[in-house]
Amino acid sequence: MSTPVVKIENLVKRYKELVALDHFNLEIEEGEIFGLLGPNGSGKTTTINCLLSLLSYDKGNIEVFGKKMNPDSYDLKRQIGVVMQNVAVVDELTVYENIDYFCGLYVKDKALRKQYVEEAIAFVGLDDFRKFFPKKLSGGLLRRLNIACGIAHKPKLIIMDEPTVAVDPQSRNKILEGIVELNRNGATIIYTSHYMEEVEQICSRIAIMDKGKNLAIGTKDELKQMIKKSESISIDILDLPDAAIDEIHALKHVYEVTYENHMLTVLCSGGSHNLIHVLDYLQQHEITFGKVYSELPTLNDVFLEITGKELRD
Ligand code: ADP
Ligand code: MG
């Protein structure tokens with residue numbers, strides 16, 4: 001087994017009486033794009049701040065690259081790039097100067113630094129804005145600058161805390177593509193989000209957290225297999241006899257049947273050909289039906305089933 005890039009064991013963090021992290025555990029392997037998914041207030045940023053030793057914690061152990069992480073672990077911090085949830089750039093410096101400043105914290109060689117800064121500018125597509133001050137940038141461009149400042153020194157581990165919140169779709173896509181590219185170039189990524197579609201799109205593994213706990217962890221397919229629902233079938237039916245509802249409920253793999261507003265909804269767990277069985281039943285009983293929809297589970301369903309609530313803004 002290779003040494004995990006990040007290992008968090010039994011982490012407890014309290015803000016006075018509020019328990020923000022409640023025996024939180026996490027292991028991340030080299031090469032992953034790891035998604036930390038949870039609603040606002042679930043403890044994502046607190047986890048990141050503890051991981052970086054920016055915040056003290058009450059209990060637990062944190063290792064990065066196999067070594068204990070402390071506030072003065074500069075050798076470790078040099079290998080980590082951080083893109084904070086709240087944009088952290090210097091207003092008095094231009095785009096170029098900002099990236100140069102943050103890169104310069106870790107890269108002292110001037111020629112190498114110039115190369116790295118240029119590469120970061122190209123990477124986030126800010127070439128036309130290199131002389132702009134942050135205040136003159138749109139929200140999306142400012143986010144891209146924030147990212148460039150965090151990654152210019154080519155860290156092995158990149159942590160991005162909700163980098164796409166309040167970002168226009170175009171910048172959002174650019175950011176997501178950028179993350180995948182950074183990963184392809186060898187960086188391990190930790191990505192926090194409360195957007196289901198994003199983690200589903202780019203993450204190799206996902207942890208679902210709520211109220212400071214890690215509730216489930218796995219690839220998106222593994223997470224989907226953890227839940228009961230495997231298929232949701234909806235069929236327009238003008239008139240469905242009550243007896244049919246019970247009989248459909250008795251079909252194999254069916255665990256929930258509802259009929260409301262002329263719409264029959266059948267939830268199935270496991271099994272294939274569920275839709276065919278339901279349609280066969282309707283045909284045999286000469287029940288006329290209209291449109292048919294079948295949906296496989298989403299991460300949203302996983303979240304709902306595990307936490308009992310919807311994930312939303
Ligand atoms: P997330 O990043 O998932 O939105 P946070 O880690 O920011 O969650 O917050 C976790 C919990 O800790 C929330 O209930 C939040 O209100 C609380 N919290 C965060 N920072 C502080 C703080 N500095 N003082 C007191 N409570 C805090
Ligand atoms: Mg946060």
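Analyst: Let's go through the ligand site, then the chain as a whole.

Analyst: This is a predicted model, where local features need pLDDT of at least 70, side-chain atom pairs count only at pLDDT 80 or more, and totals for chains, interfaces and linings use all residues. Residues are numbered from 1 along each chain, chains are lettered from A and ligands numbered from 1 as written, and side-chain values use heavy atoms, without hydrogens and water.

User: Which residues are around ligand 1?

Analyst: A residue is near a molecule if one of its heavy atoms lies within 4 Å of it. Here the shell includes Y15, L18, P39 and the run G41, S42, G43, K44, T45 and T46.

User: Which atoms of G41 and T46 come close to an oxygen atom of ligand 1?

Analyst: A polar contact is a pair of N or O atoms within 3.5 Å. For G41 a polar backbone atom sits 2.7 Å from a ligand oxygen, and for T46 a polar side-chain atom is 2.5 Å from one.

User: How much of ligand 1 does the protein cover?

Analyst: Accessible areas come from the Shrake-Rupley method with a 1.4 Å probe. Ligand 1 has 560 Å² on its own, and the protein covers 59% of that.

User: What share of the chain is buried?

Analyst: Buried means under 20% relative accessible area, with a 1.4 Å probe and protein chains only. Of the 313 residues in the chain, 46% are buried. The C-alpha atoms fill a box of roughly 80 × 45 × 40 Å along the principal axes.

Conventions: A polar contact is a pair of N or O atoms within 3.5 Å; within protein, one must be able to donate a hydrogen and the other to accept it, and residues adjacent in sequence count only if both atoms are side-chain atoms. Buried means under 20% relative accessible area, exposed over 50%, partly exposed in between (1.4 Å probe, protein chains only).
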